[in-house]
Amino acid sequence: MSATRLVLDAARCDGHGICALRCPDRVSLDQWGYAAVDPAPLEGRRMQRRAANVVAACPNGALAIAAVAAVAAETPPAPPSHTGASDNRGGGR
Amino acid sequence: MTVTETAAPPVDTMTGVMQTATSVVGLPGDPGSRLLSGPAQSGGAESLAAHQARLGALPTAVHLEELAASGLTGRGGGNFPFVKKVQLAASRPGTPLVVVNASESEPASRKDVTLLALRPHLVLDGAVLTARALGAAQVVVYLHSARTQSTHAVTAAVAQRRAAGIDASVTVTVVDAPQSYLSGESSALVSVLEGRGPVPSLRRVPVAATGVGGRPTLVSNAETYAHVALIARFGASWFRPGGPASSPGSTLLTLAGGVRSPGLVVESVGQTSLRQVLSGPGGLVEPPRAVLIGGYAGSWVSGEAAWSLPVDRSWLAAAGTSLGCGLVAPLDSSACGLAETARLLGYLASQSAGQCGPCVLGLPELAERFAALVDGQGSRRQLRRISELAVSIRGRGACAHPDGAVQLAETALGVFATEVRSHARRGTCPRRRCAATSGLPLPAGPAVAAAAVMSR
């Protein structure tokens, strides 16, 4: 089976926060209480089961599981980051 | 490549000037231009008869191999290879729809309205040829009807073509874009064409694959189609030397801000630098303090650095400074970059579609904190909080709008570091120019008009 990851449709997230409670390995809540998803691959059956649970538990249907290979096509093209400025996006906050 | 025998090439010579590294910055009517060659600007929109007399009749087809060989990329800011988008749309089931995105919602940008106002048939030729290549029966021209000159030029051009019967199986429709910064974003555009508001959405697949009503929807910038019209006539090997090797073909730019004629559209032909673009006739004689490149959600670059930058979409994107919509706006010598950035951030915050929390809550705070910097509240804590905000906002929206605002803010902090310190110490900039206006226009109000089909 190919690697999968959790993806968030930020336009649907209202900050209910169930995802961060149930899948803290991959979801945290930002300073405003909205979900921030770590795009790292879901490792192991236990984490994959948790991720599937939060996809089902989100009251707004804002989460989905996607193949890692498909990530590039799904992410909206971000403006390139400025050279010299810090370039850490996703994952490491 | 074949050159239509009857057609005069849109440059004065097919060899020589364009084949070498010689640079030209063309104005409307300048024979050195490509998209804007032909009658001078004062002549208004070129009629179908004049267009065909100058460039020859509409070619029967544009071949995908020719488009691929041309290396044409999108001129709306994405810089995505045009042929790949066409191929994606062609590979999907359903009747494709071709959309000319002429909404040009960047407040200071004028290149698309200028192109439509002067050369409407060039844009329509390219769109109709693309529709034929895809087997599409419908072309939508999506524009702001409040810009009356370009709208009249397009509706008149559509009527002329219909009377002449040249587009045969393809119907061209003009649709009014709502007044909002995001109305030209491709997923927001699809939302409007589906009868909803200009609201972006996270696309699991690009709109070229699944767009309006699930149909493959090829959304490209107006200028991109105008290039298609010339590639179909003169071929890829004519097109490519119009730009640097890494970004083939010429490109339109709008000059704004601290220039003699804000809103002036120039065509960069060949290998040019921003210095050549900005120091043209009546232009700047020395580097400005800074240049805003790519749009209001673009990048500030110091004037010294900008002076030597090439007009090369791919090179600039790799360097982290997208040419975006082609806006090149030197900071006016009487303006403060920090105050300008605060003003632009306030505008960008007001234009959030209101869907994603980090954009809804983060952008207003970012704008407020920049306003505080202008007011002299430039403590380390303030700057630290701005950095935190940038991290919290970037990459967190369904569209790239919040990322663009962060890009503007972060590049401003880098370029205007001296101003930040001076404001913190003395409550003003080194040259005390913070209250001056800069010539970067903002729309009067955020009125969002409902989309209306204007003609069929």
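Start by selecting His144(B): apart from its neighbours within four places in sequence, His144(B) is in contact with Ser103(B), Ala177(B) and Gln179(B), where contact means that C-beta atoms, placed from the backbone, lie within 7 Å. This is a predicted model, in which local features need pLDDT of at least 70 and side-chain atom pairs count only at pLDDT 80 or more, while totals for chains, interfaces and linings use all residues. Residues are numbered from 1 along each chain as its sequence is written, and chains are lettered from A and ligands numbered from 1 in the order in which they are written.

Stay on this residue. His144(B) sits in the loop between β3 and α6 (148-164) of chain B. His144(B) counts as buried because it has 21 C-beta neighbours inside 10 Å; the cut-offs are 20 or more other C-beta atoms within 10 Å for buried, 12 or fewer for exposed, and partly exposed in between.

Next, select strand β2 (residues 97-102) of chain B. Helices (H or I, at least four residues) and strands (E, at least two) are DSSP runs, numbered from the N terminus. Six of the six residues of β2(B) are buried, so the strand is largely enclosed by the rest of the structure. Leu97(B), Val99(B) and Asn101(B) point one way, and Val98(B), Val100(B) and Ala102(B) the other way.

- Strand β5 (residues 217-221) of chain B runs parallel to β2(B) and is joined to it by five bridges. Here Val98(B) stands opposite Leu218(B).
- Strand β3 (residues 138-143) of chain B also pairs with β2(B) in the parallel sense, over five bridges. Val140(B) is the bridge partner of Val99(B).

Then move to helices α13 (residues 337-350) and α16 (residues 401-415) of chain B. Their axes come within 10 Å and cross at roughly 170°, with axes fitted to C-alpha atoms over the stretch in contact and angles running from 0 to 180 degrees between N-to-C directions. The two helices are therefore roughly antiparallel, a term for angles over 145 degrees. Residues that meet include Leu338(B) and Leu345(B) in α13(B) and Leu408(B) and Ala412(B) in α16(B).

Finally, colour chain B by domain: domain 1 (16-244 + 451-455) and domain 2 (337-426), with bounds from an automatic or database domain assignment. Their C-alpha centres lie 34 Å apart. The contact takes nine residues from domain 1 of chain B and six residues from domain 2 of chain B.

Methods:
Angles under 35 degrees count as roughly parallel, over 145 as roughly antiparallel, 65 to 115 as roughly perpendicular and the rest as oblique. Two residues are in contact if their C-beta atoms, placed from the backbone, lie within 7 Å. Two strands pair if DSSP finds at least two bridges between them.
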